[in-house]
Amino acid sequence: MKNQEIAKIFYDIAIFLSIDNIAFKPQAYEKAALNIENLEENIEDVYKKGGKKALEDIPGVGKNIADCIEEYLKTGKIKYYKQLKNKLPVELDELMAIEGVGPKKIKVLYQKLRIKNLKDLEEAAKKHKISSLFSFGEKSEKNILEGIAFFKRSKGRFLLGEILPKVKEIEEKLKTLKEIEIISQAGSLRRKKETIGDVDFLVVTKNPKKVMDFFVSLPDVDKVWAKGATKASVKMSGGFDIDLRAVSEKSYGSALQYFTGSKEHNIATRKIAINKGLKLNEYGVFKGKRMVAGWSEEGIYRALGMSFVEPELRENRGEIEASFKGKLPKLIELDDIKGDLHCHSNWDGGENSILEMARSAIEIGYEYLGISDHTKFLRIERGLDEKQLEKRGKEIEKLNLKLENENYKFKILQGAETNILNDGSVDIKNKALAKLDYVIAGVHSSFKMSRIKMTERIIKAMKNPYVKIFSHPTGRILKKRDEYQADFDKILRAAKEFKVALEVNAYPERLDLNDINIKKAVEAGVKLAINTDAHHKDQLRFMEFGIFQARRGWAKKQDIINTRSQENLFIL
DNA sequence: GCTATGGATAGCCTAGCATCCCAATGCTA
């Protein structure tokens with residue numbers, strides 16, 4: 001789909017325009033980008049069906065932007081974008097990825113030091129060329145170096161959320177080849193890790209050559225790293241690599257087990273095989289020369305005396321022992337979810353009306369949707385104050401009546417995502433909080449507090465009797481910002497004591513809590529809420545990423561409050 | 001640049017925070 005490519009260009013144009021202090025246009029391009037990014041239909045199809053007119057029906061797309069889209073679909077280029085890029089030939093992605101570096105600084109860095117990319121930036125910072133620049137100082141230089149170090153640690157990995165849709169598309173294309181009898185994802189992708197290094201596919205075929213030929217000639221293949229009889233490796237236009245391996249049917253299970261990993265899990269399973277006088281490799285489980293298992297993964301584990309281990313658990317973090325004892329958890333599934341408790345409407349910075357959000361939730365099959373708009377401290381997100389919350393409450397009551405009249409068994413809940421201020425208080429008065437169905441509290445400012453202060457700040461907010469959910473509890477942004485410093489064990493104890501659920505934020509850039517912290521919470525008996533933090537109705541679909549994460553953290557249905565019906569949500 | 005409405009023009013985009021330099025700017029949510 002060209003949707004993502006076009007959205008990306010418009011996001012870049014927005015940045016270029018804001019560098020030049022141009023008013024309003026950046027927001028216009030950003031808005032168009034967001035809507036194109038979230039468009040369910042292929043934008044090429046939209047154009048084919050209805051021409052430019054149909055493009056202009058996309059919200060935020062007017063005549064000019066429609067022209068750009070048309071130009072891109074016809075020529076693969078947008079001249080306007082090229083002009084902007086020529087004027088400031090820098091790697092926006094790389095530079096913007098560094099926290100503390102934004103559009104204006106990028107311009108200064110280019111004009112004064114000809115810094116085009118991360119490499120230039122790092123060199124300049126190390127040579128202390130930056131601290132002497134106007135509007136920069138020693139601290140900015142230090143922050144830039146720290147930012148680069150952080151970026152490097154997470155470099156070369158892709159967010160599950162950005163890669164999975166592309167992988168599904170490629171998988172569908174491969175499935176069209178009749179020589180492919182079975183195809184499966186493998187590797188960290190199948191284990192649903194939050195970031196993915198490269199994509200692994202495993203296929204069963206009697207004609208591997210044909211499969212390999214087809215694979216390396218897929219339209220989005222940029223470069224073929226290797227191509228052999230049973231394995232090929234390519235670089236895709238999206239920047240990520242895909243490995244494809246062909247195996248025979250009788251070894252499919254063992255190959256899948258082997259290529260799914262993790263490495264640590266595999267080392268452990270192979271040791272178990274040795275202890276039982278067996279040998280486990282990618283071709284099967286062998287007793288001497290006799291193959292005793294290999295066709296199915298279940299068979300592999302059975303041969304080792306284990307029950308099947310879900311891919312998300314295969315990290316050698318206790319799943320092997322639990323499997324032997326028959327104590328593996330029955331993991332939460334997407335179908336268990338009855339509603340989403342964290343999303344934003346156009347009352348704050350969100351894109352869609354409350355009703356549009358609700359209708360999307362109904363379509364998914366939810367029983368309820370909690371609208372949790374930002375509150376007043378977050379001015380940029382047009383956070384609501386007490387009066388606006390009251391007004392919104394009346395609107396929600398009306399909408400609930402409307403939906404009831406349409407015979408839906410569905411309820412919109414009144415929530416709010418309040419801000420935990422530096423002193424641990426919440427930015428909305430209790431009297432107003434009391435009128436809501438539930439309250440979320442989250443940290444949205446002053447991330448660099450000391451560990452002790454931050455922990456106290458959070459725990460104080462949890463003590464507020466109206467706060468039911470602590471949102472994105474560690475504050476990290478994948479590949480961009482580390483967690484803030486806080487004592488998570490203390491927070492867990494407080495969550496338990498003050499009956500606050502911790503959020504598993506499903507937004508692909510957040511996935512916060514992470515797997516390890518989810519497991520800690522589950523073990524501590526702290527309840528969790530898997531929420532999308534959707535700012536657009538289509539983002540309610542992010543729920544699956546929260547589910548993956550929760551599964552990696554050993555969470556069961558009972559651990560998650562929004563698997564319950566609405567009346568029992570907050571009995572913690 | 002888009003949307004809404006008076007159909008050519010207004011309105012949209014804010015505030016806290018860190019840093020840099022001691023008032024202003026840029027970044028971030």
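Biologist: Which residues of H10 are buried?
Modeller: Leu-160, Gly-161, Ile-163, Leu-164, Val-167 and Ile-170. Keep in mind that this is a predicted model.

Biologist: How far apart are the end C-alpha atoms of H10, and what span should its 16 residues give?
Modeller: H10 covers residues 160-175, and its end C-alpha atoms are 21 Å apart. At 1.5 Å a residue, the helix should span 22 Å, so the two values agree.

Biologist: Switching to domains. How is chain A divided?
Modeller: Domain 1 is 3-153 and domain 2 is 158-247. Domain 3 is 252-324, and domain 4 is 334-568.

Biologist: How many residues are in contact between domain 2 and domain 3?
Modeller: Twelve from domain 2 and ten from domain 3. On the domain 2 side, the elements giving two or more residues are E2, H11, E4 and strand E7 (241-247).

Biologist: How do the residues on that side of domain 2 divide into nonpolar, polar and charged?
Modeller: Five are nonpolar, two polar and five charged.

Biologist: And what separates the centres of domain 2 and domain 3?
Modeller: 23 Å, taken over C-alpha atoms.

Biologist: On to the sheet of seven strands. What is its order?
Modeller: The order is E11-E12-E13-E14-E15-E16-E17. The sheet is open, and the pairing is parallel.

Biologist: Which are the edge strands?
Modeller: E11 (339-343) and E17 (528-531). Each pairs on one side only.

Biologist: By how much are neighbouring strands turned against each other?
Modeller: 30 degrees on average, with direction ignored.

Biologist: How many bridges join E11 to E12, and E12 to E13?
Modeller: Three bridges join E11 to E12 (residues 368-374). Seven join E12 to E13. Cys-343 has Ile-371 in E12 as its bridge partner. Ser-372 is partnered by Gly-415 in E13.

Biologist: What about E13 and E14?
Modeller: E13 pairs with E14 (residues 439-442) over three bridges, in the parallel sense. There, Glu-417 has Ile-440 of E14 as its bridge partner.

Biologist: Is E13 mostly covered or mostly open?
Modeller: Mostly covered: eight of its nine residues are buried. Helix H18 (residues 386-405) lies across E12 and E13 (411-419). H18 runs at about 160 degrees to E13.

Biologist: What is phi of Lys-192?
Modeller: Near 60 degrees, a positive value in a residue other than glycine. Lys-192 lies in the loop between H11 and E3.

Biologist: Why does Lys-192 count as buried?
Modeller: Because it has 21 C-beta neighbours inside 10 Å. The cut-off for buried is 20 or more.

Biologist: And Asp-533, where is it, and what is its phi?
Modeller: Asp-533 is in the loop between E17 and H23. Its phi is positive, about 65 degrees, although it is not a glycine. Asp-533 is buried, with 24 other C-beta atoms within 10 Å.

Definitions and conventions: Residues numbered from 1 in each chain as written. Chains lettered and ligands numbered in written order. Predicted model: local features only at pLDDT ≥ 70, side-chain atom pairs only at ≥ 80, totals over all residues. Helix = DSSP H or I, 4+ residues; strand = E, 2+ residues; numbered from the N terminus. Expected span 1.5 Å × (residues − 1). Buried ≥ 20, exposed ≤ 12 C-beta atoms within 10 Å, placed from the backbone. Domains from an automatic or database assignment. Contact = placed C-beta atoms within 7 Å. Nonpolar A, V, L, I, M, F, W, Y, C, P; charged D, E, K, R; others polar. Pairing = 2+ DSSP bridges. Axes fitted to C-alpha atoms, helices over the stretch in contact; angles between N-to-C directions.
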